[in-house]
Amino acid sequence: MQILLFVLLALAILAVFSGGYVFFVACRRMKEHPWLEPEKLKGTDYEKYAQHIQNSDRWLKTHHAQDVFMESHDGYRLHGYWVPVSDPKGTVLLAHGYRSTMLVDFGLIFEVYHKLGFNLLLPEQRCHGQSGGRFITFGVKESADMQDWIAFHNHNYGSWQMIISGLSMGASTMLYLADLKLPENVKGIIVDCGFTSPAAILSKVFTSVTHLPAIPSIWAADLFARIFAGFSLYEKDSRKSLAKSKLPVLMIHGLADDFVPASMTQEAYDACTSEKEIYLVEGAGHGISYLREPDRYQNLVKAFLKRYLEGMA
């Protein structure tokens with residue numbers, strides 16, 4: 001009996017320590033990559049995107065991107081860029097992914113939306129870039145930030161019809177809004193390679209790295225999240241949001257994604273009760289479906305915009 005109690009105590013201590021490690025490594029704000037310094041990107045996963053990042057930054061500057069700031073619902077100063085067009089048909093609000101930047105995630109599609117006549121609102125997620133914040137919350141508090149950005153847009157620029165879109169964590173962030181009462185000018189959601197819930201993606205990564213069951217370590221990580229960051233890893237789930245969605249949704253995912261499984265997008269799609277489309281890209285890894293099939297990707301996006309927005313020829 002004493003041996004059993006000792007084993008259970010040891011396992012509990014191990015779960016607490018591993019859960020704390022998961023939370024503080026995954027959620028705590030850390031130093032970012034020097035995105036605009038190609039030499040310093042050498043040896044990182046982003047080395048091959050260095051020129052693309054430079055081109056994206058140049059595009060924003062050429063199109064006179066304006067710095068915009070607002071205060072989040074919980075008191076952090078958030079930063080973004082506003083890129084207007086003359087005689088706009090609407091606005092696209094884009095949310096980038098986990099420990100990434102809009103320059104990586106959306107640089108190739110900036111021009112596509114802009115040429116179609118859309119303003120761009122490009123927030124830097126909390127704990128990224130010039131935006132404040134102590135902890136990344138995997139879309140939980142970020143989704144509330146996006147509600148604030150929508151309100152910011154409507155107050156400052158007018159109620160242009162809007163599409164909200166995101167990639168990876170940004171995709172999940174936007175899907176968590178699907179069951180909420182958003183302003184009437186929000187007309188649809190376009191997402192690429194989102195995960196279902198913070199608990200699901202952290203469990204998947206934990207098991208992939210350690211080859212151990214995620215439970216009970218993820219339970220402990222959830223406790224740390226509640227205590228130190230004021231959110232739960234189980235608080236949001238795209239399947240639950242989409243089960244009550246009224247907005248049309250276009251979901252995209254690469255079938256070769258080994259970070260966020262395409263099955264998560266399929267589960268979200270299956271749960272969705274609003275008008276919906278899904279596009280699964282053969283051979284595409286995480287976040288690179290556009291690179292894999294750019295023409296098909298653009299055509300799907302254009303068709304979605306034409307179907308749900310006014311004034312699209």
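Is Asp-145 buried or exposed in this structure? Asp-145 is buried, with a relative accessible area of 2%, where buried means under 20%, exposed over 50% and partly exposed in between, for a 1.4 Å probe and protein chains only. The model is predicted, so local features need pLDDT of at least 70 and side-chain atom pairs count only at pLDDT 80 or more, while totals for chains, interfaces and linings use all residues. Residues are numbered from 1 along each chain as its sequence is written, and side-chain values use heavy atoms, with hydrogens and water left out.

**Salt bridges**

- Side chains of opposite charge can pair when their charged atoms come close.
- Eleven salt bridges are counted, each being a side-chain nitrogen of Lys or Arg within 4 Å of a carboxyl oxygen of Asp or Glu.
- One of them joins Arg-126 to Asp-145, at 2.7 Å from N to O.
- Because Arg-126 lies in the loop between strand S4 (118-123) and helix H6 (140-157), and Asp-145 in helix H6, this pair ties together parts that are 19 residues apart in sequence.
- Arg-126 also counts as buried, at 2% relative accessibility.
- A network of salt bridges links Asp-74, Arg-126 and Asp-145.
- Arg-307 forms a salt bridge with Glu-277, and their closest N and O atoms are 2.5 Å apart.
- Arg-307 belongs to helix H13 (residues 294-308) and Glu-277 to strand S8 (residues 276-281), so the pair connects parts that are 30 residues apart in sequence.

**Helix H9**

- Helices (H or I, at least four residues) and strands (E, at least two) are DSSP runs, numbered from the N terminus.
- The 13 residues of helix H9 (residues 217-229) should span 18 Å at 1.5 Å a residue, and the end C-alpha atoms are 17 Å apart, which agrees; the expected span is 1.5 Å times one less than the number of residues.
- Within H9, the buried residues include Ile-218, Asp-222 and Phe-224.
- Arg-226 and Asp-222 form a salt bridge, with the closest N and O atoms 2.8 Å apart.
- The two are four residues apart in helix H9, so about one helical turn separates them.
- Arg-226 is partly exposed at 48% relative accessibility, whereas Asp-222 is buried at 7%.
- Gly-230 follows H9 and has a positive phi, near 70°.

**Helix H5**

- In helix H5 (residues 107-115), Ile-109, Phe-110 and Val-112 are among the buried residues.
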